[in-house]
Structure formats: structure tokens, C-alpha cells
Amino acid sequence: MTEHDDRPPSRFDVDRQALGTLLAGEPRYRVDQVWQGLYEQLAEPHELTTLPKALRARLDDALPLALREELRRVSDRGDTIKYLWQLHDGHRIETVLMLYPDRVTACVSSQAGCAMDCSFCATGQAGFQRHLTTGEIVEQVVRAAREARRLGRRLGNVVFMGMGEPLVNEAAVWAAIERIHGDLGLSARHLTVSTIGIVPGIRALAARPLPVNLAVSLHAANDRLRETLVPMNKRYPLSQLMEACAHYLAVKGRRISFEWALIAGVNDRDSDARELAALSKRFRLAAHVNLIPLNPTPGFPTIGSSPTRVHEFRDLLEQLGVNATVRRNRGTDIDAACGQLAAGQPVAMRPSRRRAGESDAATDGVRAPGTSDSPR
Ligand code: SAH
């Protein structure tokens, strides 16, 4: 890509004002018509039959999509659909659509790649490419919502748990949240930002007006261990991180989720549960721990805890007074863990098959997110 890029901004990077400029010379109500068409009807410009034909054709060209579908994988039962998108500059990102009996959730990326370098994460292992724009984030949600509608369902939840660290791209993420909330009409309580623990980002999010959910990828409850898993802990150690979480809770009144990928022999010991209980004690029932066995990635030699150990760990946390849920696993059979498709899994335009010996409870990196389990 050259620096002087004369491509028009992508469809969902265009704000109302820019759309007004694009529609100069047309009756004023066209802006609302097009905006509602894109965000409420989830329509393509050429589907907007209220517009004159020539205008529809012009808008199809003037409002290009940002994401080209490179690969789609569907889990065996069809309840998890994972997309690998190619951006205009060749970078790849992932989106996962998860269909549950009672809700539909999209897991979206906020960056191409990730600079956080968490040892166990496939995205981190591949490095950072760039921030996503607001439009690239919003488009992931719109395209997931269209797919859900095609399947007779309504997308109601969005979690920023795909590739990237949303709170180092906070401005674009926040603008996307406003669009998802204000224009696509999703409730702020059904939107979740997941962070590795970027303290200034948590404080920035706390200062924003909507009460979105905060999930913190904790994985360890002492600094020494956490530094080995999450290098950013050196910059924002647990004491600072917990202060920021307490502040978020105080300002928003929303329960906070702690994400914990269970790694056999590393962070699934009884002592880890006790440390976690001590750390989360100040939040009482306002903190909720989501447990998920580590999904194996090529660059990390350790394996996820066994299903038995996962449940023992959960029981111990419960005994210690900590709210904890074992997450149902999604998409193991389609490499739905964070970064796995973009990391160069064999590309094939077909649903992949479940590998022998894998079960729902075994491993997974795409979480059944905490949003709809949060108090309303
Ligand atoms: N950077 C943000 C958003 C990414 S969310 C964050 O870290 O919260 C991706 C989630 O999947 C994080 O909780 C991350 O810790 C977790 N994750 C990454 N690799 C994983 C793996 N191999 N197995 C299980 N969970 C993993």
C-alpha cells in the first residue's frame, strides 16, 4: 500500500457528515435513507429500492466494503461460524459468530495481529500489523448480523475478544461501540471489551458514557507468574490493574469478568485458586471468573488442564467464595482460537472436520463470552 492512498473510505468508515458530502445535490432526506438502510436494514446499497437506480449503483462504488471473505469455517453443528477476512492491504483478521439457543454473539477483532506478545496466544505469536479502523470493526459486526439474520436469528451481543488488544486502539474501538450501540441498536450491556490489562485504557473506558462490560484476561494472580504469560504485566502490575478494575466497577456498576485460560501445571494449582480468590475478594460477587482450558498453539509447549482439573479448580474457587463458570467450548474443530486461522492454518473453503479425540469440553480459544451471563 502506498502512503497516498486514494481509495474512498470504506463503507462503515463513512460517518453521517461524509455521507452528506457524498450525497451533495440529492434531497436531504437521502442521508437518513442511506444511513438507515446500512445500519437498520443491514442492506447493501443496491438493495435500497427506495433510492433511484443510478444512485444505488453510484453508492455501491462509493461505499466499498473493507473486508474480503477469504475463508469461512463452520463447526460441525453449524452453531459457530468463523471468518477469515482480508483487508485492503493484505492483512488478515478473524471474526467468529456464535449461535446459542438464547442468544447470538459476534467475537470481533480490534487489530490485525497484536503487540501484547502473550506467550500462549496464537495472535501474539504472529506479531502486530496495525490497528483496525472504526469501519473495519463495525463491518465485522454488520456482516455477522447479516449472517445471523439469514439464519433466522438476531445478533444481540458483541465481544472484543478476537485478534488484537482493544484498549490500545481505544478511540477507534469506542467509535465502533457508539455505532454498534447507537446505529445498529445493540444494548451497551451486551457489549464486552476484553483487555489484557491496559490500565490507562481501562480508565479511558471508564470515562466513556456507556456501561459496556469489562473483561480482564487475568490468567495469573501473582505478578511473577503473570509476567511470564502476559509481558504487559511488567508495565501494569496487578496492584495497578486491580485499582483500575475497582474504579471501573465504581463508575459503571457493571460486574467485571476475569478470564483465566487454564494451563496444566502452570496456573491450575490449588495455590493459584487461592491467590485468585484473595485477589478478587475485594470485588465480592461483582467479579466473575471465566475458566477455559488453554487451547494449544504451535508456539507454546504447554497444554490445557484436563476437564477434571478444570472442574476441580472451579469447585475450589466456589468454596473460596469466588463466582466461577467453566466456559463451554466453541469451534475447536474449526481452529476458532484467537489467531489460529490467520496464523496460516491450511486454507480450504469447506467446513473442517472434528479431529479424532476432541470433544466439546476439551480445548478451545473462542470463549462463550460472559455478556449474557452478566446481571442485567
Ligand atoms: N487482547 C485482549 C482481547 C483478546 S481476547 C485480551 O487479551 O483480553 C482473547 C482471549 O483469548 C483472551 O482472554 C486471551 O487471553 C485468550 N486466549 C488467547 N490465547 C488463548 C489460548 N491459546 N487458549 C485459551 N485462551 C486464549
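This is a predicted model: local features need pLDDT of at least 70, side-chain atom pairs count only at pLDDT 80 or more; totals for chains, interfaces and linings use all residues.
Angles under 35 degrees count as roughly parallel, over 145 as roughly antiparallel, 65 to 115 as roughly perpendicular and the rest as oblique. Residues are numbered from 1 along each chain as its sequence is written, and side-chain values use heavy atoms, with hydrogens and water left out.

Helix α7 (residues 199-207) and helix α9 (residues 238-252) have axes that come within 9 Å and cross at roughly 5 degrees, so α7 and α9 run roughly parallel to each other. Axes here are lines fitted to C-alpha atoms, for helices over the stretch in contact, and angles run from 0 to 180 degrees between N-to-C directions. On the α7 side, the contact (heavy atoms within 4.5 Å) is made by V199, I202, R203, L205 and A206. Among the α9 partners are L241, A244, Y248 and V251.

Now for the ligand. Its surroundings comprise 20 residues, the closest being F120, S194, S217, H219 and N295; a residue counts if one of its heavy atoms lies within 4 Å. An oxygen atom of the ligand sits 2.6 Å from a side-chain N or O atom of H219. Taken alone, the ligand exposes 530 Å², and the protein buries 96% of that (Shrake-Rupley method, 1.4 Å probe).

Notes:
A polar contact is a pair of N or O atoms within 3.5 Å; within protein, one must be able to donate a hydrogen and the other to accept it, and residues adjacent in sequence count only if both atoms are side-chain atoms. Helices (H or I, at least four residues) and strands (E, at least two) are DSSP runs, numbered from the N terminus.
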